[in-house]
Amino acid sequence: MNDYDDIINLPHHQSKNHPHMSMHDRAAQFAPFAALTGYDDAVKEARRLTDSKPELDENKLEELDQKLADLMIRIEEHPEVVITYFEPDDKKEGGAYVTCVSKLKKIDSYKHQLIFEDGRELKICNIVEIKKMV
């Protein structure tokens, strides 16, 4: 005779006071949970890489100034430009380099920014390169 032979064939107990729990609810008891809410997001954010803002030398700054001056002369033509600029990150130090192709609408010398026909506004201090003007 084995240890549990006397109870092995007895019917499963059903409580008279509590309703039967569904399989879904029973499984939920054993589901994993996040003990530290937001921890996974914080780790992902810390792993995300950003680039540092470039420090342009005098030659590069003069070249950009000349290209901006040329754009001011041609502003009535709404020239199409290809601009690479640095976009600072909202959540951490650094940012990313972005290249945009768009038609220039206006150069706002008071706010020091370029305004494009698609509504985008770009600070001149973030421009890294103006590749070509069409």
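**The nonpolar core**

Modeller: Happy to! The largest nonpolar core has 15 residues, and those touching the most other members are L71, I83, L104, L114, F116, I127 and I130. Keep in mind that this is a predicted model.

Biologist: Which elements give two or more residues to this core?

Modeller: They are α3 (58-73), β1 (80-88), β2 (95-108), β3 (113-116) and β5 (127-133).

Biologist: And what is I130 in contact with, leaving aside its neighbours within four places in sequence?

Modeller: With those neighbours set aside, I130 contacts L64, K67, L68, L71, V82 and I83.

Biologist: New topic: how many aromatic pairs does the structure hold?

Modeller: There is one aromatic pair. F86 and Y97 make it, in an edge-to-face arrangement with 5.5 Å from centre to centre and 70° between the planes. F86 belongs to strand β1 and Y97 to strand β2, so the pair ties together parts 11 residues apart in sequence.

Biologist: Is F86 buried or exposed?

Modeller: F86 counts as buried because its relative accessibility is 2%. Y97 is partly exposed, at 38% relative accessible area.

Biologist: What about T99, where is that found?

Modeller: T99 is in strand β2, and it is partly exposed with a relative accessible area of 45%. Leaving out neighbours within four places in sequence, T99 is in contact with V82, I83 and T84.

Biologist: What joins the side chains of T99 and T84?

Modeller: A polar contact of 3.2 Å.

Biologist: And how far apart are the C-alpha atoms of T99 and Y110?

Modeller: They are separated by 24 Å, with the two residues 11 apart along the chain.

Note on methods
Residues are numbered from 1 along each chain as its sequence is written. This is a predicted model: local features need pLDDT of at least 70, side-chain atom pairs count only at pLDDT 80 or more; totals for chains, interfaces and linings use all residues. Side-chain values use heavy atoms; hydrogens and water are left out. A nonpolar core is a set of buried Ala, Val, Leu, Ile, Met, Phe, Trp, Tyr and Cys residues joined through side-chain atoms within 4.5 Å. Buried means under 20% relative accessible area, exposed over 50%, partly exposed in between (1.4 Å probe, protein chains only). Helices (H or I, at least four residues) and strands (E, at least two) are DSSP runs, numbered from the N terminus. Contact means heavy atoms within 4.5 Å. Rings of Phe, Tyr and Trp (its six-membered ring) pair if their centres lie within 6.5 Å; planes under 30 degrees apart count as stacked, over 60 as edge-to-face and the rest as tilted. A polar contact is a pair of N or O atoms within 3.5 Å; within protein, one must be able to donate a hydrogen and the other to accept it, and residues adjacent in sequence count only if both atoms are side-chain atoms.
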